[in-house]
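Here is a short briefing on a ligand site and a pocket. Please look at the structure before reading on.

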Amino acid sequence: MKSVGINGYGTIGKRVADAVSAQDDMKIVGVTKRSPDFEARMAVEKGYDLYISVPERESSFEEAGIKVTGTADELLEKLDIVVDCTPEGIGAKNKEGTYEKMGLKAIFQGGEKHDQIGLSFNSFSNYNDVIGKDYARVVSCNTTGLCRTLNPINDLCGIKKVRAVMVRRGADPGQVKKGPINAIVPNPPTVPSHHGPDVQTVMYDLNITTMALLVPTTLMHQHNLMVELESSVSVDDIKEKLNETPRVLLLKAGEGLTSTAGFMEYAKDLGRSRNDLFEIGVWEESLNIVDGELYYMQAIHQESDVVPENVDAIRAMLEMEDDPSKSIQKTNKAMGIL
Ligand code: NAD
């Protein structure tokens, strides 16, 4: 049983903690918080040992009646690996300032820069390259979504070139200070957006160019893909391939799943904790091939799609499983992924 800690128990951190706890070959030793907020209280109520990132703040946790087990440094001493889920930019500082000095393996999130971590990870793209490594970054939610569907298509018929336009949520549902609330924002306004190069950190040889926009919604990212194929296949071949691909769901607009709001309603009806949809939803009706080019639309639940990848990254880096498909299967079974 491997010992895992979460540094930064926020949107991603709390979900990774629950996903790790659901596995039978790893356990959460503790999670860190900076402030005695409701997430700190609920972490303790759920049974996680809470360690504080700012030791001087211990009295504020005591005043709030939230039990503290120790400091973040004390937690790190007890771990085989830490999953760093701190906000963008802090993970890279933690790598240099703390984890490397301690000789502690660490997984980072998509907000960190690939160059600063040195290695990126997606379960379906480059699991084998991360086996036994000390540091890796699970690519962002958008990049994870692109990899989940492009990998099986590449396996089936080869890809000459991908063009993708990403419509990105303005904020997560719990955020009040992000936007836009009344505009469509080319973000970044330059082409290509950073997403294509990010995909190439795990699908090394893929020819891909991306553009991205921010829109006023909290319910998922939406992607529009145009994929020039190497060899001739039918739409049914693509459907069959995506249908058999783990963590990808073909969903029908004709059954009322006409929008990202519909996909989120579907996740609620599945009874998922926090309404999470770990799978990438592809609109079945959107699949079409014109002049050797495949078109499709998909939706990405930004708060949860990277979570199973974090579990697989733990198995790869701690050399617990050298077969990616076995880790994916094990993670999925424990998390109830379709
Ligand atoms: P978040 O703000 O929801 O959570 C971050 C947590 O880290 C909070 O609990 C915060 O209190 C804590 N924290 C802040 N500074 C800290 C420090 N110095 N030391 C320890 N803890 C600290 O952020 P998030 O959305 O979970 O994002 C975390 C990472 O995951 C980022 O790299 C982000 O880019 C990436 N990511 C986010 C999403 C998303 O949609 N939210 C999706 C994929 C990847």
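How far from an oxygen atom of the ligand does a backbone N or O atom of Tyr 9 lie? In this predicted model, the distance is 3.4 Å.

**Backbone contacts of the ligand**
- A polar backbone atom of Gly 111 is 3.1 Å from an oxygen atom of the ligand.
- For Gln 302, a backbone N or O atom lies 3.5 Å from a ligand oxygen atom.
- The ligand taken alone exposes 840 Å², and the protein buries 80% of that area.

**Shell around the ligand**
- The ligand is surrounded by 20 residues, the closest being Thr 11, Ile 12, Arg 34, Arg 169 and Asp 172.
- By class, this shell holds six nonpolar, nine polar and five charged residues.
- Domain 1 (2-139 + 306-335) and domain 2 (141-300) each contribute at least three residues to the shell.

**Second largest pocket**
- The volume of the second largest pocket is about 270 Å³.
- Its lining has 17 residues; those closest to the pocket centre are Phe 124, Asp 155, Pro 246, Ser 325 and Ile 328.
- Helices H7 (127-130), H8 (141-157) and H13 (324-335) each supply at least two lining residues, and H13 gives the largest share, with four residues.
- The lining comprises six nonpolar, eight polar and three charged residues.
- Because domain 1 and domain 2 both give residues to this lining, the second largest pocket lies between them.

Terms used:
Residues numbered from 1 in each chain as written. Predicted model: local features only at pLDDT ≥ 70, side-chain atom pairs only at ≥ 80, totals over all residues. Heavy atoms only, no water. 1 Å grid on protein atoms, 1.4 Å probe; cavity = no way out; pocket = protein on both sides within 12 Å on 5 of 7 lines; lining within 4 Å. Points joined across faces, edges and corners; volume = space filled by probe spheres on them. Nonpolar A, V, L, I, M, F, W, Y, C, P; charged D, E, K, R; others polar. Domains from an automatic or database assignment. Near = heavy atom within 4 Å. Polar contact = N/O pair within 3.5 Å; in protein donor to acceptor, adjacent residues only side chain to side chain. Areas by Shrake-Rupley, 256 points an atom, 1.4 Å probe, with all protein chains shown as cover.
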